[in-house]
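Here are some notes for a first look at this structure. Please read them with the model open beside you.

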Amino acid sequence: MPSANLDLVRSIFADWERGDFSSAEWADAEIEFVIAGGPDPASGTGVARMAENFAGLLSAWGDVRVEVEEYRELDAERVFVLLSWSGRGKTSGIELAQVPWKPANLFHLHDGKVTRLVLYWDRERAFADLGLAPEAGTADPPG
């Protein structure tokens, strides 16, 4: 049976899968936001800083959407999500699906809010940081 934390993360991805990144109602006011790796690693604290980082991340791409491959509840306060992104470069026209990367997100949750969000460009780094094997964890398919 899915936990309240998993339900919250699924609701976030329901918006992101439609390309809607506008809501941050799910975020704690002092959320720690980290972009781990990629062309522009960043971190910050607070919803405004997270919005700035997200805007910077998304600014080069049009029609950005995510697709969840797998949800994993790591413990009572962390949900790990394997995903893929789609979209098209605004200037280059390159499809994100053509870029050889496999991202993952790690959500830390407390009292019904996300307190820390780590966007990993490389899921292998995420597995290493978390001490997980790629097949480890409790898989919960999208839905």
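1. Start with a term: helices here are DSSP runs of H or I with at least four residues, numbered from the N terminus. Helix α3 is followed by Gly 131, whose phi is positive, near 70 degrees. Keep in mind that this is a predicted model.

2. Now the start of α3. Asp 122 caps its N-terminal end. A side-chain oxygen of Asp 122 lies 2.9 Å from the backbone nitrogen of Glu 124.

3. Which residues of α3 are buried? They are Arg 123, Ala 126, Phe 127 and Leu 130. Viewed down the helix axis, the buried residues of α3 fall within an arc of 100 degrees, so they line one face of the helix. They pack against β3, β4, β5 and β6.

4. Is Arg 123 buried or exposed? Buried means under 20% relative accessible area. Arg 123 has 9% relative accessibility, so it counts as buried.

5. What surrounds Arg 123? Leaving aside neighbours within four places in sequence, Arg 123 is in contact with Glu 69, Leu 82, Leu 83, Lys 102, Pro 103 and Ala 104. A polar atom of the Arg 123 side chain lies 2.9 Å from the backbone oxygen of Leu 83. Lys 102 is 21 residues away along the chain, yet the C-alpha atoms of Lys 102 and Arg 123 are separated by 5.8 Å.

6. The largest nonpolar core has 33 residues. Phe 13, Trp 16, Trp 26, Phe 54, Phe 107 and Leu 117 touch the most other members. At least two residues of this core come from each of α1 (4-17), β1, α2 (47-58), β3 (61-75), β4 (78-89), β5 (104-110) and β6 (113-120). Helix α1 gives the most, with six residues. Apart from this core lies another, of 11 residues, among them Ala 36, Leu 82, Ala 104 and Leu 130.

7. Trp 16 shows how the chain comes together. Residues up to four places away in sequence are not counted here. Trp 16 then touches Phe 21, Trp 26, Phe 54, Arg 65, Val 66, Asn 105, Phe 107 and Leu 117.

8. On to the aromatic rings. The count comes to 11 aromatic pairs. In one of these, the rings of Phe 13 and Phe 107 have centres 5.7 Å apart and planes at 70 degrees, so the pair is edge-to-face. Phe 13 sits in α1 and Phe 107 in β5, 94 residues apart. Both Phe 13 and Phe 107 are buried.

9. Compare the pair of Phe 21 and Trp 85, which is stacked. Here the distance is 6.0 Å centre to centre, with 5 degrees between the planes. Phe 21 is in the loop between α1 and β1, and Trp 85 is in β4, 64 residues apart. Both Phe 21 and Trp 85 are buried. One aromatic cluster includes Phe 13, Phe 21, Trp 85 and Phe 107.

10. Finally, the hairpin of β1 and β2. The two strands run antiparallel and are joined by four bridges. Glu 32 has Thr 45 in β2 as its bridge partner. Five residues lie between the strands, and Gly 37 takes a positive phi near 90 degrees. Along β2 (residues 42-45) the side chains alternate.

Definitions and conventions: Residues are numbered from 1 along each chain as its sequence is written. This is a predicted model: local features need pLDDT of at least 70, side-chain atom pairs count only at pLDDT 80 or more; totals for chains, interfaces and linings use all residues. Side-chain values use heavy atoms; hydrogens and water are left out. Buried means under 20% relative accessible area, exposed over 50%, partly exposed in between (1.4 Å probe, protein chains only). Two strands pair if DSSP finds at least two bridges between them. Contact means heavy atoms within 4.5 Å. A polar contact is a pair of N or O atoms within 3.5 Å; within protein, one must be able to donate a hydrogen and the other to accept it, and residues adjacent in sequence count only if both atoms are side-chain atoms. A nonpolar core is a set of buried Ala, Val, Leu, Ile, Met, Phe, Trp, Tyr and Cys residues joined through side-chain atoms within 4.5 Å. Rings of Phe, Tyr and Trp (its six-membered ring) pair if their centres lie within 6.5 Å; planes under 30 degrees apart count as stacked, over 60 as edge-to-face and the rest as tilted. The arc is that of the directions from the helix axis to the C-beta atoms.
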